[in-house]
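Colleague: Hi! Could you walk me through this model? I'd like to start with the aromatic side chains.

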Amino acid sequence: MRALLHCHHHHHHHLPRQILQNPLRPRLPLAEMSCSSLTLTLSLSLPSASPKPLRFAAASSSSFEPPLFLRLPGAARNGSPGLGLGQVGRRSRAFVGVSVGSQTAVDDGLFLEYKPSTAFLFPGQGAQAVGMGKDAQSVPVAAELYKKANDILGYDLLDVCSNGPKEKLNSTVISQPAIYVTSLAAVEILRAREGGQQIIESVDVTCGLSLGEYTALAFAGAFSFEDGLKLVKLRGEAMQEAADAARGGMVSVIGLDSEKVQLLCDAANEEVDEENKVQIANYLCTGNYAVSGGLKGIEAVEAKAKSFKARMTVRLAVDGAFHTSFMKPAVPRLEAALAATEIKTPRIPIISNVDAKPHADPDTIKRILANQATSPVQWETTIKTLLMKGLKKSYELGPGKVIAGIVKRMDKKAEIENIGA
């Protein structure tokens with residue numbers, strides 16, 4: 001397979017569909033992406049009716065570049081051009097393919113033409129707070145999720161969520177399951193509310209920040225609550241282990257666009273050895289980018305930030321360089337767990353952190369989740385795309401209001417409601 005890459009600059013607000021925007025390393029200030037986007041046209045020397053979805057191998061170098069997902073020329077479209085997402089959601093059930101012990105290939109591009117109107121957005125690590133989960137106890141179905149979780153986790157999750165201590169709740173191993181369960185409990189709280197079921201049924205796109213991608217997949221029916229929790233438990237443990245093996249951290253750089261933050265990272269990297277290099281790990285929104293890497297590199301970023309005109313830096317309460325190659329030791333365990341998990345085609349599009357696109361093929365979803373641990377989170381591109389495609393209303397389900405803040409930052413008029421638990 002040989003992909004020929006041609007770079008163009010397009011001065012259009014809406015890119016032609018056949019041209020793939022590369023969201024993987026935004027080198028432009030993303031605020032300007034709509035009017036001057038670096039795009040890639042890909043011509044593939046492949047037969048157009050390829051029976052299998054494209055596969056990719058995880059990058060073995062330390063270049064941090066996540067794989068670029070390609071759409072095969074001539075891949076099936078979702079029925080007629082005017083098909084609304086409600087129909088796609090229903091139609092997609094007919095295509096459901098299960099990837100454990102099954103050869104069913106699903107067109108991975110099933111959801112590419114999605115038209116979002118109502119989104120569920122799920123938070124990631126950092127959103128946790130002592131006292132979460134208390135509201136859920138008055139809704140039996142939501143309270144039941146914590147009971148189920150205790151059996152899978154082997155400890156009293158609700159007790160840690162409600163009473164802390166904070167240091168324990170903040171640990172990677174506990175905060176990931178805690179946020180996953182509390183976010184899905186929030187869905188049940190909404191369902192119990194008058195008109196809540198209608199809202200849930202109207203949701204036609206979902207996504208989540210880092211860990212929240214697993215919550216979104218569970219909501220979209222790609223895997224069961226229990227299977228998702230087992231994956232999240234293992235993900236937390238594997239990431240903690242990888243973090244313990246290398247001294248890394250994360251810092252938010254406030255007040256700069258992504259191009260400036262990249263230059264700041266480049267400057268910091270000139271002063272540290274390979275083990276301490278840093279990169280942008282979370283593209284959240286203009287003025288808020290999280291940098292991840294070795295501790296010396298993080299310190300260099302903090303020292304130089306002022307000279308790059310950053311408003312401030314905020315060291316994050318995580319003890320690992322998440323979403324970089326520092327997390328590579330976690331990937332084999334994650335891959336093995338994903339291989340053993342039954343994943344179905346989601347009933348609605350779920351937008352991936354890795355490439356800001358929706359994927360329908362269960363095997364592709366598994367590969368993306370394994371890659372997500374070492375790839376930057378393309379949250380800015382994800383939310384921008386939803387807004388550009390006409391998203392009307394969104395809900396942030398679970399602890400905290402981080403996502404609502406990001407969405408409002410991108411569009412002051414955006415309608416977003418928080419449903420806590």
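Modeller: Happy to! Let's begin with a charge over a ring: arginine 347 lies over the face of phenylalanine 219, at 4.8 Å from the ring centre. Keep in mind that this is a predicted model.

Colleague: Noted. Which ring has lysine 389 over its face?

Modeller: That is tyrosine 114, with lysine 389 at 4.4 Å from the ring centre.

Colleague: And ring against ring, how many aromatic pairs are there?

Modeller: The count is 6 aromatic pairs. One of them joins phenylalanine 120 and tyrosine 395. Their ring centres are 5.7 Å apart and the planes meet at 70 degrees, so this pair is edge-to-face.

Colleague: Okay. Where do phenylalanine 120 and tyrosine 395 lie in the chain?

Modeller: Phenylalanine 120 is in strand 4 (residues 118–122), while tyrosine 395 is in strand 10 (residues 393–397).

Colleague: What about phenylalanine 219, which ring does it pair with?

Modeller: Phenylalanine 219 pairs with phenylalanine 122 in a tilted arrangement, 6.1 Å from centre to centre and with 50 degrees between the planes. This pair also links distant parts of the chain: phenylalanine 122 sits in strand 4 and phenylalanine 219 in helix 7 (residues 212–219), 97 residues apart. Phenylalanine 122 and phenylalanine 219 are both buried.

Colleague: Which residues do the ring pairs link into a cluster?

Modeller: Phe120, Phe122, Phe219 and Tyr395.

Colleague: Nice. Switching topic, where is alanine 330?

Modeller: Alanine 330 is in the loop between strand 9 (312–315) and helix 11 (331–339).

Colleague: Buried or exposed?

Modeller: Alanine 330 is buried, because its relative accessibility is 1% and the cut-off for buried is under 20%.

Colleague: What is alanine 330 in contact with?

Modeller: Setting aside neighbours within four places in sequence, alanine 330 is in contact with Ala238, Met239 and Ala242.

Colleague: Last one: what does the whole chain look like?

Modeller: The chain has 14 helices and 11 strands. Of its 421 residues, 55% are buried. Among contacts between residues at least 6 apart in sequence, 77% join residues at least 24 apart. The accessible surface comes to about 17900 Å², and 54% of that belongs to carbon and sulfur atoms.

Terms used
Residues numbered from 1 in each chain as written. Predicted model: local features only at pLDDT ≥ 70, side-chain atom pairs only at ≥ 80, totals over all residues. Heavy atoms only, no water. Phe/Tyr/Trp six-rings, centres within 6.5 Å; stacked < 30°, edge-to-face > 60°. Helix = DSSP H or I, 4+ residues; strand = E, 2+ residues; numbered from the N terminus. Buried < 20%, exposed > 50% of the residue type's maximum accessible area, 1.4 Å probe, protein only. Lys NZ or Arg CZ within 6 Å of the ring centre and 35° of its normal. Contact = heavy atoms within 4.5 Å. Areas by Shrake-Rupley, 256 points an atom, 1.4 Å probe, with all protein chains shown as cover.
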